[in-house]
Amino acid sequence: MKLARRLQAIKPSPTLALNSRAKALAAQGVDVVVLAAGEPDFDTPDYVKQAAVDAIRAGFTKYTATNGIPELREAVCRKLERDNNLRYTPEQVLVTSGGKQALYNFCQAVLDEGDEVLIFAPYWVSYPDMVRLAGATPVIVPTREEDGFAPDPDAIRRALTPRTRAVIINSPGNPTGAVYSRAALEGIAEVLRPHDCFIITDDIYEKLLYIDERLGISDVAPDLVPRLVVTNALSKSHAMTGWRMGYVAGPRPLVAAMQLVQDQSTSNASSIGQKAALAALQGPPDTIATMVAEYRVRRDFFVAGLNALDGIRCRMPEGAFYALADVRGLYGRSYKGKPVTGSMQLSEILLDEFRVAAVPGDPFGAEGYIRMSFATSREVLQKGLTRLGEMVQALR
């Protein structure tokens with residue numbers, strides 16, 4: 001069977017693969033500690049679920065316009081003005097089936113063969129492959145943990161070429177949990193200002209914050225807003241991962257082009273989900289605050305536990321719900337006579353021998369690290385730490 005050449009450069013998502021494998025083991029009765037999922041363990045708020053039930057009972061189960069129902073796009077505009085000081089009209093908003101579709105639509109609408117997109121490593125695993133699926137080239141700009149995983153402006157400057165069509169900013173970031181400071185954003189803006197490219201800001205973790213302030217590129221460089229593309233979703237902020245509700249806002253001609261892509265792929269996002277998303281955007285902030293408060297406690301507990309393990313070191317994340325642990329201190333040790341040489345191998349030992357599902361750093365552009373989610377109960381986190389400790393003891 002002959003398949004498209006473009007697929008040859010695409011790899012399956014390691015997070016989805018690990019989750020599937022861990023769930024398969026659990027279905028067999030195996031006690032697996034799952035720290036791989038990028039998914040809140042909280043339930044979707046009741047008022048959001050009720051809005052979906054009401055939509056079903058009212059018969060709101062037909063197609064909508066591809067770009068989404070007007071009241072939801074208006075609610076997105078109000079949210080962006082309230083939270084991000086960004087002013088858009090509903091015609092500049094496209095409702096998508098999750099934040100991932102928003103980013104995918106952008107790549108399909110903008111990128112051609114030979115184009116380049118700058119991506120800061122560590123990065124969410126899907127960024128490079130979405131760029132490749134559009135025939136373009138991801139250009140990886142490394143960052144350093146000692147710099148808070150913020151990119152060096154000189155490194156960005158060296159990576160920029162006349163073929164650069166876009167730069168992706170993700171703060172708080174996956175897998176690092178890093179939040180860019182004002183100085184870091186100003187440095188990025190200064191380098192990008194003279195270069196004609198889009199600036200994509202993936203804000204999906206913006207509400208999961210453990211510091212006092214989170215700024216966007218628009219806060220430090222309002223002159224760049226005409227080139228800004230804002231993507232977001234309700235998945236993390238309102239525990240709505242399975243609902244697949246996202247959106248994008250940006251220049252009107254670009255959003256129209258992205259809608260054209262969506263016209264011929266999925267058409268509208270779920271009509272029922274749109275009513276639920278509307279309720280989420282209009283709902284009280286206390287449900288988010290409750291989640292964040294619990295995540296903070298888990299973060300402090302889990303990161304302290306990781307740092308107590310010999311050979312493991314973990315930076316305290318300022319946002320999201322991931323701990324990106326540096327495991328290079330375990331390299332060179334052996335398990336059952338075989339030296340540990342990489343994050344993929346270490347993750348396999350963790351799952352196969354100690355029943356802990358954690359994601360290797362290599363697919364994130366972070367070899368030497370493993371990513372673990374603390375979006376699970378404290379009891380599960382403690383069990384995970386215990387088993388990680390057993391693995392460390394078993395390495396000689």
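Entry 1: I started by sorting the lining of the largest pocket by class, and I found 13 nonpolar, 16 polar and 8 charged residues. A reminder to myself: this is a predicted model. Next I looked up the space in the largest pocket, which comes to about 830 Å³. Of the 37 residues that line this pocket, L16, G38, E39, K236 and T241 are the closest to its centre.

**Entry 2: who builds the lining?** Which elements give two or more residues to the lining of the largest pocket? My list reads α1 (14-27), α4 (99-110), α5 (126-133), β7 (228-233) and β15 (369-373). The most comes from α1, with 6 residues.

**Entry 3: strand β3.** Then I moved on to β3, residues 116-121, and asked how many of its 6 residues are buried. I got 6 of the 6, so β3 is largely enclosed by the rest of the structure. I checked each face too: E116, L118 and F120 are buried on one side, and V117, I119 and A121 are buried on the other.

**Entry 4: the neighbours of β3.** Which strands pair with β3? One is β4 (residues 137-142), which pairs with β3 in the parallel sense over 6 bridges. Here I119 has I140 of β4 as its bridge partner. I followed the chain from β3 through α5 to β4, and this β-α-β crossover is right-handed. Another is β5 (residues 164-170), again parallel to β3, with 4 bridges. For L118, the bridge partner in β5 is V167.

Methods:
Residues are numbered from 1 along each chain as its sequence is written. This is a predicted model: local features need pLDDT of at least 70, side-chain atom pairs count only at pLDDT 80 or more; totals for chains, interfaces and linings use all residues. Side-chain values use heavy atoms; hydrogens and water are left out. On a 1 Å grid over the protein atoms alone, a cavity is a set of points where a 1.4 Å probe fits but cannot get out, and a pocket is an open set with protein on both sides within 12 Å along at least five of seven lines; lining residues have an atom within 4 Å of a point. Grid points are joined across faces, edges and corners, and a volume is the space filled by probe spheres set on the points. Ala, Val, Leu, Ile, Met, Phe, Trp, Tyr, Cys and Pro count as nonpolar, Asp, Glu, Lys and Arg as charged, and the others, Gly among them, as polar. Buried means under 20% relative accessible area, exposed over 50%, partly exposed in between (1.4 Å probe, protein chains only). Two strands pair if DSSP finds at least two bridges between them. A crossover is right-handed if, with the strands pointing away from the viewer, the path from the first strand over the helix to the second runs clockwise.
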